[in-house]
Amino acid sequence: MNAPAHPTELSRRWSSLSGIDINWKLVIPALILAEVINRTTGASTTTLLTEIIIFALFASSLNLLMSFGHMVSFGHSAYFGLGAYGFTLAVTKAGLPLEAAVLLGPLVAALGGLLFGALCVRLTEIYFAMLTLACAQITYTVLFQWYDFTGGDTGITGFMAPRFGLSGQNFASLTLAVVTLSLFALWWIVRSPLGLSIRAAGQDRFRAEALGLTVRRVQLTAFVIAAFFAGIAGMLYAVLHGSAFPDYAGLGLTLDSLIMVVLGGLNSFAGGIWGAIIYKLLGAFVPSLVHEWELVLGLILLVIVLTAPKGFAGLIARLGLDRKGGR
Amino acid sequence: MTAMLSISNLHASYGKAEALHGIDLTVETGEVVCLIGRNGVGKSSTMKSIVRDQITVTGGEVVFDGASLAGLRPYEVVRRGVGYVPEDRRVFASLSVLENLRVPRPVSAGDRRNWNVEQVFELFPQLYDYRHRKAGVMSGGEQQMLSIARSLITCPKLLLLDEPHEGLAPKIAEEVVTAIAALKREGVSMVISEQALNTIRRCADRVYVVDRGMTVWNGTVDGFYADPEIARKYLMVS
Amino acid sequence: ADAPVKIGFAGDLTGACAALTEDELNAVKIGVDELNAKGGILGRKVELVIRDSQTKPDEGAKVARELIVDEKIDVLTGVCSSAVMLAESAVSGELKVPFYATIGSTQRANIELYQPYFWQAQANATMEAYAAAEYVAKKAEWKTIATMGSDYEWGHTSVAAFSERLKKLRPDVTIIDPIFPKVGETAMAPYITTALNTKPDAVFAALFGGSLGSLIKQGQGFGFFQRTNLVTLMTVDTLQSMGSAMPASNVYGIARAPFFALEQTPEVKAFIEKYRAAYKEYPTDWSINGYDGLMFYAAAAEHAKSVAPDAIIKAISEISYDGLRGKGLKVRAFDGQMNAPSYVGKATKVPEYDFPILTEIEKFPGEALMVSEDAIAAARKAAKK
Amino acid sequence: MDPILSARNIRKRYGAFLALKDVTFDLPRGERHALIGPNGAGKSTFIACVAGQLPGVEGKMIFRGEDITALTPASLAKKGIGRTFQISRAFLQMTVMENIMAAVVIASGRWTSLSRGLYRDNLEKAFGLLETVKLDDRAAARVADLSLGDRKRLEFGMALAGDPELLLLDEPTAGMSIKERHYLMEMVATRMEETGKTLLFVEHDIDVVMKIAQRVTVMARGAVLVVGTPAEIAANEEVQAIYLGGHH
Amino acid sequence: MVLIQFVNGLMEGMTLFLIASGLTLIFGVSRIINFAHGSLYMLGAFLTYELVQILAPGTLWGFFASVIVGAAIVSLIGVLFEVTALRRIYGADGLMQLIVTIALVLIVRDVVRMIWGPNSITVPMPDALAGAIVIGENYFPLFPIVVFAAGLVIVLAMIWVIYFTRAGILLRAGTDDRGMAALLGINERMIFTAVFAAGAFLAGLAGGLSAPYGEVNHLLDTTVIVSAFIVCVIGGLGNLYGALAGALVVGITKAMGVMYFPRLSMVLIFLIMAAVLIGRSLGRQGGSAR
Ligand SMILES: Nc1ncnc2c1ncn2[C@@H]1O[C@H](COP(=O)(O)OP(=O)(O)OP(=O)(O)O)[C@@H](O)[C@H]1O
Ligand SMILES: Nc1ncnc2c1ncn2[C@@H]1O[C@H](COP(=O)(O)OP(=O)(O)OP(=O)(O)O)[C@@H](O)[C@H]1O
Ligand SMILES: CC(C)C[C@H](N)C(=O)O
Ligand SMILES: [Mg+2]
Ligand SMILES: [Mg+2]
């Protein structure tokens, strides 16, 4: 029917068909805005900003699994915790220089992801989720109870100057840079053939296998990548506060990250970022405004979910504001 | 004869995407009407609009048995006497065959035939043999039989059959045609979506050709075959 | 007028420590009102700024930082959980703002994690366990003691300290290896069975909250309180919530500041009345500690004639303070530990109250329980390694 | 002729039910072979056995001289066995184009690639497949939004992406109009013929079988009933009795 | 000792089953992971506390009446929640529903705290159940035995309804494909509301029944929900027989674990869960591969 199209014509058509595009018109002002807020406001806003940035990465790493790999993890905090402890212990126990410790944290998280992931990808759906939960709880318990090594439930504090001794603002800028690069890497992965395979494996494993994809291996790859980036987030968080606690690998943080991804918008790359912004802002302001903050936060969550059942990114897409929120 | 079903200028969409843009369809009481058309033109969507399955009706009228179906939920439509066999079968995978057949709400059929489990087993003996098997593990054809059988138990006045022969071995397909003919004799009206019109030729009264979300032609089966131009225009792969 | 003196309360208002912290905060509010009625601290109004650390260390560190940097508080307090306490203490040390604890009580804050802007305005966990050991040691007929503790820092520290002191005092006593139910465990039957199996004369249990209540309630079905004695943390809130479910005898409780056991000075009576009027219930140990801790800070400020951090830190070890918990409370400069007393007594139902109280109480002055400076120094050195 | 696929005494049990009873079957290289039989005869089960999708299969399966009995679906796909499913399967939340591209990428074996150059290299092939199955106007549609017939076509395209040595089609044309059935099956047949590849397909439309297949195997109740040319099969009385019914 | 420990385990197992049954029921039918299950349990306990005081504290009938009335109120609350919130997002991703139930957790926790304060309360044990059966040196506490019996009754009732009545068939049909159930004339919304009512009732019942035996405070929700999940997962979510088996396995292993692996108190059940999950091979059914 059609005459064979010109190669550039083909690639133009392809990119219009496979777009999870970066909307530079939104991203660049957002980055500038973040930096301006950082430089012009007080210390606690800077801390909040830094946390939002860190959690944007954490939630996005989970989002890689959930939205693209269709692997719902109920234990993603494990890798956040491993990143934080990997870094912290590298400093306190191994006495490594900071540069090395900073790398070690995410690597430990990735290793944890490899170990646990190898078990978890043998299962699917809710059972996958539950095994990730079990793995995270085991991680949490080890951190909680291994006093001699991890400091137990009171965590590790005071081992170094928080933020490498940088000023809050400078550290916020550093975090912004690291997270932006990481998010870019995640985005690159999602758009690459690997990302396509991850999505394929998640959507129909039987179809994917019949095409020749070793589904477990792809899923394990995704798991390790997600763990690695969660580890970067955990490491940054430990540096920010100059401490590490077992809670970093706890159920609470897992739930937070889930809420972020879902609130932000499943099936959208930007979902994790939106979620981190919204949920962290709520978490920062609601408790300081009302005593019954859990009640109010619960109600707000309810309202958000009921008005935007596709998450915030879905809402944005509906308003036609953002191409990133596309699919 | 009064119309059992009359659809006028029906528009319907999935989310934002409109799939039907003007379906007109009338089924007289006791009549068997066939929907034909290429893939993706809206045959299934038409049926789904009648029972409000997944699709949202955005315009037009659907009158069934003298009353409008507007604003009804699927189960209410079905309780008024519409039976539906979806194209993708949708058997309850974790239920046994027997349990699948116990799902439909038993209705009193009035003067129509009161289908019960024994009777559908007579129609499809293979189902009886496997009555304790989980529906999800049955072969494709077996599932199709079950799906048809299940809808019969709702004792419908109007039966919507979306590609009922799909996946059935020729012999069983033949039996289904016989059953359709029998149902017709009992006064059940039917809308059948069918690709292989010749299978259904024996019992169909009229044919509607659907194209791009609209009904573009209707007439008797013989009329359809008399005019090869129609088939060329609307049924050929583009 | 001068700017107000700001008290930053970064407490565990939600989460596992909520109940204790709320009692503490209630009393702190009374204290702030009293101070303001008297003209404030150094003539400056006192202002309370409250944040919820959610019983999460990182959240605690964050709100502590926010209070110090943005709210410019003069002193930080409020924590209950030891883990949050350590996290906030680190921030206090980094930003050099005084911080004192009135509930959270691990001794690690005095040892390797000590920083000079911190003090514990209550007996720490180790001291309380020592008090229990002293009390138990006097029960000559108790020869076998079983031990258990909540499976976290506080439970482990307490059991270890108790065993260590008791062994010293009573070499003839057999101490059974401890068992550690997980934090918040409420299915205590297996632990009860295990403990009873050793036929102990008493069981020392470093438990609180849900685990403790469950132990007492479930124990009765096993004849626990006919077969043995229980020595455990028994603060006023626990006594109240147990109410009629408290066994008639054989329960011994460690407490920090049970209102009925305090010397009933006019101040104490007035405080109890005021608290009851405001909150329709008796003040708990946590309330009294919270109030006393605040007043101690006010006294230190008056003494130093300043709320400047270094002046305060100097003052706390110079003054001797007379509070609800008795006379002569002071903080040891070496590790920031206050010589606060501990109480041990027997839970008994009495007609005056609709909940059991402690009787046959023995009060242990802080000095008798505090770990010596040498020992602390040695522990610090050991931890460095 | 040396068979590309040779099944020896294949037996598959579902609980107490014996779905395949010692099926022995040889498929010559390059042949177009139809598998027919009553519903529940075990056709799909047999296809799944060949594609390695069922656990606990007894007997021996030999593909291009190699024992493949215990291999996983993915490794079989890499060895050159492609398939479609009776109840069509695709990546529902991806676009039609992405589905095809995923099939191409996976078939190329370079799924770990982070380079989008791989897409560029395969664009022509992907768009070609899209056109072959006549879905080019639906390229941007989410598969979940496709009609059932369109999904079937997509499956065709995906199965062809790996240029399999042996293509297994399980009722590939169900839900299509007669014209389309013939078009698609002829298209596949020609493609297989040109490249010397082998086709095994399950089909209930006897006209399609007659036209496309060189030989036909009839299964019933888990066993092979007869094997023969289409004409022989159509004339076989037993086949008529249990499968075709009186009408044909 | 081993025997008593085993009995302890059985008793705890049944309590766990009571907790988990409602969760698994709701999940089984609606695929919703009801995070608020622990909150409903907690409400059951607090309502029992209130009702016992109004009715007849200490008496057997007063206790059971309070538990049942309490559970009924919880059930109403559950229905209210289903109708006003959950129902509106059945079409959305399942995780959205999870978030909605998490929101409910937050709301209930604060409301409970506002009404009953943060301190623990004690529900008085009915006098008749306070004792124990003493055989030689062994004590078998009466109260858990009664809870065990109640649990058994509930298990049998649920199994009967779900696997042997048409109502049960409709429930399971709704699970498989709620839309299709509607297309066969079933008012599927009613099914879901009814299931939610039943699940909430079971949660309230479990909360009320266990209240006198442990501490009741506003933190009960989290502990309960985690153990309920574990039990359901070990048994296979949505599977009643499995939940029963899972509950007993967890109860008994925990009890035995105290004797044999005291250091593992915190992780033991997670280790069991992981082991069971890993042990369960990925079900590759013929149905899904055709
Ligand atoms: N669930 C859905 N969501 C969005 N769009 C849909 C959905 N189902 C069908 N469509 C679209 O609606 C149009 C009509 O589809 P329908 O299923 O009615 O076609 P059909 O005539 O039954 O075709 P076939 O013969 O292939 O079954 C198609 O273009 C299809 O892509
Ligand atoms: N997992 C299973 N458990 C029990 N029986 C099964 C299972 N899977 C398939 N069966 C039965 O095995 C028989 C063969 O099924 P199969 O799908 O291979 O048939 P088929 O020949 O492809 O039929 P159709 O033409 O209807 O697709 C059927 O009777 C089916 O019910
Ligand atoms: C019993 C409590 C006062 C112990 C406190 N939660 C701590 O961790 O120190
Ligand atoms: Mg259709
Ligand atoms: Mg088949």
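Reader: How many disulfides does the structure hold over all chains?
Author: The predicted model holds one disulfide over all chains. C:Cys17 and C:Cys80 form this bond, with their sulfur atoms 2.4 Å apart.

Reader: Left-handed or right-handed? And are those cysteines buried or exposed?
Author: The disulfide is left-handed, because the torsion about the S-S bond of C:Cys17 and C:Cys80 is about -55 degrees. Both C:Cys17 and C:Cys80 are buried.

Reader: What about B:Cys34?
Author: B:Cys34 is in no disulfide, and the nearest cysteine sulfur, that of B:Cys203, is 8.1 Å away. B:Cys34 is buried, with a relative accessible area of 0%.

Reader: Turning to the metals, which protein donors does the magnesium ion (ligand 4) have?
Author: The protein donors of ligand 4 are B:Ser44, through OG, and B:Glu87, through OE, and they lie 1.9 to 2.2 Å from the ion. B:Ser44 is in helix α1 (residues 43-51) of chain B, while B:Glu87 is in the loop between β6 (82-85) and α3 (97-102) of chain B; the pair links distant parts of the chain, 43 residues apart. Both B:Ser44 and B:Glu87 are buried.

Reader: And which are the protein donors of the magnesium ion (ligand 5)?
Author: For ligand 5 they are D:Ser44 (OG) and D:Gln86 (OE1), lying 1.9 to 2.2 Å from the ion. D:Ser44 lies in helix α1 (residues 43-50) of chain D and D:Gln86 in the loop between β6 (81-83) and α3 (96-107) of chain D, so this pair ties together parts that are 42 residues apart in sequence.

Reader: Are D:Ser44 and D:Gln86 buried or exposed?
Author: D:Ser44 counts as buried at 9% relative accessibility, and D:Gln86 counts as buried at 7%.

Reader: Now the surface: which residues make the nonpolar patch?
Author: A:Trp24, A:Ile28, A:Ile32, A:Val36, A:Phe184, A:Trp188 and D:Leu114 make a nonpolar surface patch of about 650 Å². The elements giving two or more residues to the patch are α2 (24-40) and α8 (168-191) of chain A.

Reader: Which element gives the most?
Author: α2(A) gives the most, with four residues. A:Val36 lies in that helix and is partly exposed, with a relative accessible area of 42%.

Reader: Last topic: how many bridges join β1 to β2 in chain D?
Author: Eight bridges join strand β1 (residues 3-14) to strand β2 (residues 17-28) of chain D, and the two run antiparallel. D:Pro3 stands opposite D:Pro28 in β2(D). Their hairpin has two residues between the strands, and D:Gly15 takes a positive phi near 60 degrees there.

Reader: And what joins β1(D) to β4(D)?
Author: Five bridges join β1(D) to strand β4 (residues 58-63) of chain D, and these strands run antiparallel. The bridge partner of D:Arg8 in β4(D) is D:Lys60.

Note on methods: Residues numbered from 1 in each chain as written. Chains lettered and ligands numbered in written order. Predicted model: local features only at pLDDT ≥ 70, side-chain atom pairs only at ≥ 80, totals over all residues. Heavy atoms only, no water. Disulfide = S-S within 2.5 Å. Buried < 20%, exposed > 50% of the residue type's maximum accessible area, 1.4 Å probe, protein only. Donors = N, O, S within 2.8 Å, 3.2 Å for Na, K, Ca; no water. Patch = residues over 30% accessible without salt bridge, like charges linked within 9 Å, V, L, I, M, F, W, Y side chains within 5 Å. Areas by Shrake-Rupley, 256 points an atom, 1.4 Å probe, with all protein chains shown as cover. Salt bridge = Lys/Arg side-chain N within 4 Å of Asp/Glu carboxyl O. Pairing = 2+ DSSP bridges.
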